[in-house]
Amino acid sequence: MKKKTLFGLIVLVALVIVAYFGYQSVSGNKASQSGSSDKKVLRVATTGVSFPGSYKDDNGNLTGFDVEVAKAVADKIGYDIEFTTTSFDGLFGLLTSGKADAVASSIAITDERKQSYDFSSPYATFKYGVVVQSSSDLTNINELSGKTLAATVGSNQINVINNYDPSITIQTFDDREAALTGVVNGQVDGYSNAKTILAAIIKQKNLDLKILDGELGEENIAIAFNKGQNEDLRKKVDKALAELQADGTIKKLSEKFFSGIDASYKK
């Protein structure tokens, strides 16, 4: 009888211990869940290799004009932010496949793109120029007829060049770095992009290049969304961008990343 009583007591103690630690485990999980962020996440697609708009610094951190604008927007609307990087021509694929909510990577608003995507209000205006070797005889964009210019695959520079002068031959490269290398190595006569971007790259990399006088055109830069989707999010982003324009944040970011140039959008 005593053995049965002792055995029952041992079983009872064991059950109490199991129940106690089981409770602690469950309550611990609950604490972890309640302690985690309840913020919504803004998933943004960007290139991560396009200095000075979207690139990784010396510590491997993603930064740049477009990246920091997106971060400031997310902070304004109370969202966490999550970036996914890919080549420029893959950005909209991430958007349409639902792997990103928005694209922020110096995206120009064009009539063609507006057929498939919605855009935030503009946050910058880019004036497109051409960079050539410093030793080139070219001095002005009006001398480009019959020349060959580099452009990145999927970029709006292709349309800008064609609209300016159809006689210009366009050679596409996978990214901006390869396009600039093409100019340095003499594969092409020049490379077209926003003057603010070109000036920043030349200074950062100390390239033996020059920017031609004149401009091929200008376009406004915005954040892109899927057509007809995320309308509430787009409105929140628009409100945030207006506030960031008004308080000078976007101007400061432009001057920081574009060698002192204010490319922020002005109505």
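Here are some questions and answers about this predicted model.

Q: How many helices and strands does the protein have?
A: Let's start with the overall make-up of this predicted model. The chain has 267 residues, and 43% of them count as buried. As for secondary structure, the count is nine helices and 13 strands.

Q: What percentage of the contacts with a separation of 6 or more comes from residues 24 or more positions apart?
A: Take the contacts in the protein between residues with a separation of 6 or more. Those made by residues 24 or more positions apart account for 68%.

Q: Are the rings of Phe-51 and Tyr-55 stacked or edge-to-face?
A: There are six aromatic pairs in the structure. In the pair of Phe-51 and Tyr-55, the ring centres sit 4.8 Å apart and the planes meet at 65 degrees. Planes over 60 degrees apart count as edge-to-face, so Phe-51 and Tyr-55 are edge-to-face.

Q: Is Phe-51 buried or exposed?
A: Phe-51 has a relative accessibility of 17%. The cut-off for buried is under 20%, so Phe-51 counts as buried.

Q: Is Tyr-55 buried or exposed?
A: The relative accessibility of Tyr-55 is 17%. Anything under 20% passes as buried, so Tyr-55 is buried.

Q: How many residues apart are Tyr-55 and Phe-257?
A: The rings of Tyr-55 and Phe-257 have centres 6.5 Å apart and planes at 75 degrees, so this pair is edge-to-face. Both residues are buried. Tyr-55 belongs to strand β3 (residues 54-56) and Phe-257 to helix α9 (residues 249-257), so the pair links distant parts of the chain, with a spacing of 202 residues.

Q: Which residues form one aromatic cluster?
A: Aromatic pairs in the structure number six. One cluster of aromatics is made up of Phe-65, Tyr-123, Phe-126 and Phe-258.

Q: What is the order of the strands in the open sheet of three strands?
A: Strands of a sheet pair through backbone hydrogen bonds, either parallel or antiparallel. Here the pairing is antiparallel. β2 and β4 (62-63) are the edge strands, each pairing on one side only. That gives the order β2-β3-β4.

Q: Why is strand β9 largely enclosed by the rest of the structure?
A: In a regular strand the side chains alternate between the two faces of the sheet. In β9, Thr-148, Ala-150 and Thr-152 point one way, Leu-149 and Ala-151 point the other way, and all are buried. The strand covers residues 148-152, and it is largely enclosed because the number of its five residues that are buried is five.

Q: Which strand gives the most to the lining of the largest cavity?
A: The structure holds one cavity of 30 Å³ or more, and the volume of the largest cavity is about 30 Å³. Its lining consists of Leu-42, Val-44, Ala-70, Ala-102, Val-103, Ala-104 and Ile-223, which divide into seven nonpolar, no polar and no charged. β1 (41-46) and β6 (102-108) each supply at least two of the lining residues. With three residues, the top contributor is β6.

Q: How many polar residues are in the lining of the largest pocket?
A: The largest pocket has a volume of about 260 Å³. It is lined by 21 residues, and the closest to its centre are Ser-50, Phe-88, Thr-152, Ser-155 and Arg-176. β6 gives the largest share of that lining, three residues. By class there are seven nonpolar and four charged residues, and the polar ones number 10.

Q: How many charged residues are in the lining of the second largest pocket?
A: This pocket has a volume of about 200 Å³. Among its 13 lining residues, Thr-125, Lys-127, Thr-196, Asp-262 and Ala-263 are the closest to the centre. β8 and α7 (195-205) each supply at least two residues of the lining. The classes come out as six nonpolar and three polar, and the charged residues number four.

Technical notes
Residues numbered from 1 in each chain as written. Predicted model: local features only at pLDDT ≥ 70, side-chain atom pairs only at ≥ 80, totals over all residues. Heavy atoms only, no water. Phe/Tyr/Trp six-rings, centres within 6.5 Å; stacked < 30°, edge-to-face > 60°. Buried < 20%, exposed > 50% of the residue type's maximum accessible area, 1.4 Å probe, protein only. Helix = DSSP H or I, 4+ residues; strand = E, 2+ residues; numbered from the N terminus. 1 Å grid on protein atoms, 1.4 Å probe; cavity = no way out; pocket = protein on both sides within 12 Å on 5 of 7 lines; lining within 4 Å. Points joined across faces, edges and corners; volume = space filled by probe spheres on them. Nonpolar A, V, L, I, M, F, W, Y, C, P; charged D, E, K, R; others polar. Pairing = 2+ DSSP bridges. Contact = heavy atoms within 4.5 Å.
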